[in-house]
Amino acid sequence: MSDVLSLKESILVYLDISGGLQKLMEDCKSFNEPQTMEAVYRLCVSVNPSDVIELDPVLGDWILHDPLKASALFQYVCFVAIKTLSLVEKIETQNQVNVILRLTHLPPFPEYTMDLRRFPRRDGPVRPVAMEGLVIAMTRVTKYTQGARFLCQNDGCPCSTGFHHIRVHTPGATESATVGNNLSCTMCSSPLKEDVKFRVLGDKQLVELVHVKALDALKAQQQSSLRYQSVTLFLRDELCNSMRMGHLYRVLGFPVHVQQWQSLSWSVEANNIQLWEPAHPHNVSLSFQEMLKATAGSPWRFSAVAAHCFGLEVAPPGLYNVLKMALLLSLVQTRAATNDTTQNLDLLTVTSDTLIVDRLMTYSLNMSAHGVRHQATGEMFASLSRDTHGAGTANIHAGSALLATGGICMLGDLGCYRKERLDAIQSVLEGGAVSVFIPGKKYGEDADQQVSFPVQCSFWALTDASRQSGKMSENVLIGTAMEQDLGSISSQLADAFGLVVDSRDTMGDCSLFAQSVHTLQQAVLPAKHLYSTWEFSAQDYKELVAHARSLQVELSPEAEKMIHGYYMASRRVRTQTHGVKMSVGSIKLLVSLAEAHCKLSLRTRVLEEDAVIAVLLCENSVTLKHGASVLAIPPDPVFPCDLGDADSLQRRDVTLDGLRQNILRFIYTYAPGAETYITEE
């Protein structure tokens, strides 16, 4: 008895020093409203087991190994505090206080960690564990019985009135366990009957969590015999709607076995939820550090060499440089756990060699922390199924785009998709969200419901320029035959993508010979460095992308002025000559491209030179879709010459500086008031 009294004193001391008593008084204020009269009053108490162990090791051991018994002690202390301080006069018995211990942390030991790859199913007392995983499905929020009042049917029994028999939900309990009909009075053994008007309802949501390594299988980089099984989480009350599909979370919860009818299921009652991101290497390799020093004299050279040497396992240096640059920019600009969908870079590639471009995209997808290669026959956005855990609602499963949240969703060749699927892709690209229609009649609801989910990933796609209804003349100017340039997709779909890159073969037999030689060399000497220029491993690029993605950058006034000036000038010219109105999204695309080039160059301040690259890529993209404008730029302005040696890098700098002057003259001529905010060179 003295030991229990000591534990109660320790709880009171802990609540005092941790601010729990103050929070208790604040929570009790809402219970004193006149219209509030309930059988059970729910209180959440935040507990850090490590702090409790320092204060009282026995109490800390109870919290970690017998949380139900620890909750009963906290319930008693909170009830005494409420009655002593006269916080809630309507509370008559201790049973009316339902205390939820909200654990903030768990000790970092294997005994308190559950790896979803091993999926243990051990028997024993309910104890908390920590797990990390990816949300792949969830249900809508439904109701459950949080607490209920029961009265003894023997009128002469003291328990026939008052709040003596109160049942509350415990982890793993089903609805029938809380409001069962076969309950008897503890005082006279007479049957109990529920006082339905005092039933307290709470919110409930089911979420499916899978190990983060499942994303590697979704990249389709290599076949594996491993299969990943998801675990079902039960979220209750304030934890509902705290998780989103495609995001990674660290969950503290209680593994329990739930018996329903003739089946036995295994699930986890969530206790606390935190956004989580696995640790990635953020250190730039020595090779890239040396290259950064060697190219420090120009703000354009580091990113150019990085793009030039990227993907050597797939294509030799010099081929598809613009595409490689665009892929790297999209990788570094697409941030995990971002709330700003406008930062992502959607990429559409027009090509005559779909095999090599598809391989380059697949190779690049492996650099993304969250990458999903979508199969044309799979579900892209969301699908529905009937819940199997007794929630009586629809289970919403994430498609490829939602699973790739904070990363890349690779669509592949758009020519493989039906028209209705292409229309859905266009709608999501333009709106940044996907809607799911849930028929109420089919899933046990009174009314139909429309649920919307934000899509926060970058889309990569390609289109075969040779797949068209008519032949295109060899001498036709770029952009003058839009539907033929873009293959079989519509111009509206192309406009929905932020950046369109022309990756068609313009060198003919020369590039075919270079690719053939490269493929043979890779087959004979796969681990050898085949080129005398800078070469970096795939791991080097993974570390570079991870580090660049983590950088926080800011726009310089010079870059902001150039982006604004080009947008105003291009909007005026395009409207007058092509009848095309440049949308506000073009500004976001320009800023996103400039920021991405700054990150790829390992800087934190966006310079005017970064804005030049953004303008050239954007102008080339708009030219491909709507035709050339007064700002005449070459077909490959970002890589106007081969980068085989230092002299070629110098020639590229000179060419880019000349294009920079052309952009400024274009702005001075067609942007109103440009001379007031751009310093003339």
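Mentor: We will go through aromatic pairs and then charges over rings.

Mentor: This is a predicted model, in which local features need pLDDT of at least 70 and side-chain atom pairs count only at pLDDT 80 or more, while totals for chains, interfaces and linings use all residues. Residues are numbered from 1 along each chain as its sequence is written, and side-chain values use heavy atoms, with hydrogens and water left out.

Trainee: How many aromatic pairs does a search of the whole structure find?

Mentor: The search finds 10 aromatic pairs, where rings of Phe, Tyr and Trp (its six-membered ring) pair if their centres lie within 6.5 Å, and planes under 30 degrees apart count as stacked, over 60 as edge-to-face and the rest as tilted. Among them, Phe310 and Tyr363 are tilted, because their planes stand at 55°, with the ring centres 5.5 Å apart.

Trainee: Are Phe310 and Tyr363 buried or exposed?

Mentor: Both Phe310 and Tyr363 are buried, and buried means under 20% relative accessible area, exposed over 50% and partly exposed in between, with a 1.4 Å probe and protein chains only. Tyr566 and Phe666 also form a tilted pair, at 6.3 Å centre to centre and 45° between the planes.

Trainee: Which residues form one aromatic cluster?

Mentor: That cluster is formed by Phe288, Phe302, Phe310, Tyr363, Phe536 and Tyr541.

Trainee: New topic: which residue lies over the face of Phe198?

Mentor: Arg149 does, at 4.8 Å from the ring centre, and a charge sits over a ring if NZ of Lys or CZ of Arg is within 6 Å of the ring centre and within 35 degrees of the ring normal. Likewise, Arg652 lies over the face of Phe639, at 4.9 Å from the ring centre.
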